[in-house]
Structures are given as structure tokens and as C-alpha cells.
Amino acid sequence: MSSFTQAHAFIAYDGRASSVLGKAHWRNIQTFRYYIGDVGSDEWVDVLAGNLSDGASVPFPVNAFIPAWGSYSQNVLLHDHLCNTYEKTVRINGVETKVNITRAEIDAIFHESMCVSNVEKWRRDLIMAGINTYRVVTRPKRPKYDAMRVYLEKSFNPADFKITA
């Protein structure tokens, strides 16, 4: 079964990024890896420390059941990262290679990760219904790119944030 390299995500609210980007954003404080398919597989995604996320983007009134952050926070960070890159890493003949993936593959990885994290089935199903509807209606084909978000992610200073248990 797939796995994360840490049990849960460490996130912190980023007031500066929130102000600049115009809505609440949190930072991933510690890099983590998600193995796709099986633990230690030759396919994975690294979500780097400093990545920004606005949490689960869920419309009203569904957000009463699926708030921006919850037991699925690490999964949301993974999905946001994938939507911003459309890439996974694959070991091919011993060489780590970035490989482009589709939005459908991104959403399948997200679903798999929620299963691994034991997100409740009803919550997973509701989240995936929203994601699948979004994908069918908007047909996204390439990564979301926001130059300011990228700048803020690259300017991440771990000393500005502390991890609290």
C-alpha cells in the first residue's frame, strides 16, 4: 500500500502570503514524500517545505462538512502541489526522472492518498465528487501558475515558522 513519509503534515498560517495572495494561505513546514502504489515504490511525489496552500477549496454549503483543513490536510497539500506541477517522480533505470501526469492522474493519486490516510469514506466520496465535477466542467490541462505564489514559496525561511505538536 502507498504511504506518506510522515504521519501528518506540519502547517502554519502565513499572514504575509495571505495578505499578498488575497486569501488565507498556510505553509507546509516540513518536506514529505508520498509513495504512489506501494511503500518504497519507484513512483513518488515530494511536497517541499515552504509550499503554500489555501486548503480544500470547497463551496458553500459543503464546507460545513468539508472545512479547508481537517484529517485530510496532508492529502490537500499533496493535491495542491500536484495541481501546481502536474509532475511525479519516477525511477527509470535507476535515474530519478520528473514525469508529466494528467489531471485525472492527479485526482487518482489524491484519492489513493486519502484511502491511505484513512479519511472517512463518506468524506472521501464527497471530496472526490467535487473534484471530479470540477475536472469535467473546467477541463484543466496544465498546472496552476501564480508568479507571486511561486516567489513566496521560494522565499520560505524555516526560521520564520516553528513546529508545534
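Strands β4 (residues 32–35) and β5 (residues 43–47) of this predicted model pair in the antiparallel sense over four bridges, where two strands are said to pair if DSSP finds at least two bridges between them. Strands themselves (E, at least two residues) and helices (H or I, at least four residues) are DSSP runs, numbered from the N terminus.

Strand β5, for its part, is joined to β7 (residues 87–92), with Val90 in β7 as the bridge partner of Glu43. Strand β7 in turn runs antiparallel to β8 (residues 95–100), and Thr89 has Lys98 in β8 as its bridge partner. The table lists these pairs with their bridges.

| Strand pair | Sense | Bridges |
|---|---|---|
| β4 and β5 | antiparallel | four bridges |
| β5 and β7 | antiparallel | two bridges |
| β7 and β8 | antiparallel | six bridges |

How many residues lie between β7 and β8 in their hairpin? There are two residues between these strands, and Asn93 in the turn has a positive phi of about 50°.

Although Pro67 and Gly55 are twelve residues apart in sequence, their C-alpha atoms are 8.3 Å apart in space. Leaving aside its neighbours within four places in sequence, Pro67 is in contact (heavy atoms within 4.5 Å) with Ala56, Tyr72 and Arg123.

Apart from neighbours within four places in sequence, Arg149 is in contact with Leu21, Leu52, Asn84 and Lys144.

Turning to the whole protein, there are five helices and eight strands, and from the N terminus on the elements run β-β-α-β-β-β-β-α-β-β-α-α-α. The radius of gyration is 15 Å, close to the 15 Å that the globule rule gives for 165 residues, so the protein is as compact as a globular protein of that length; this radius is taken over C-alpha atoms, and the rule is 2.2 Å times the number of residues to the power 0.38. Along its principal axes, the C-alpha trace spans about 45 × 35 × 35 Å. Of the 165 residues, 43% count as buried, and among contacts between residues at least 6 apart in sequence, 64% join residues at least 24 apart.

Residues are numbered from 1 along each chain as its sequence is written, and side-chain values use heavy atoms, with hydrogens and water left out. In this predicted model, local features need pLDDT of at least 70 and side-chain atom pairs count only at pLDDT 80 or more, whereas totals for chains, interfaces and linings use all residues.

Key
Buried < 20%, exposed > 50% of the residue type's maximum accessible area, 1.4 Å probe, protein only.
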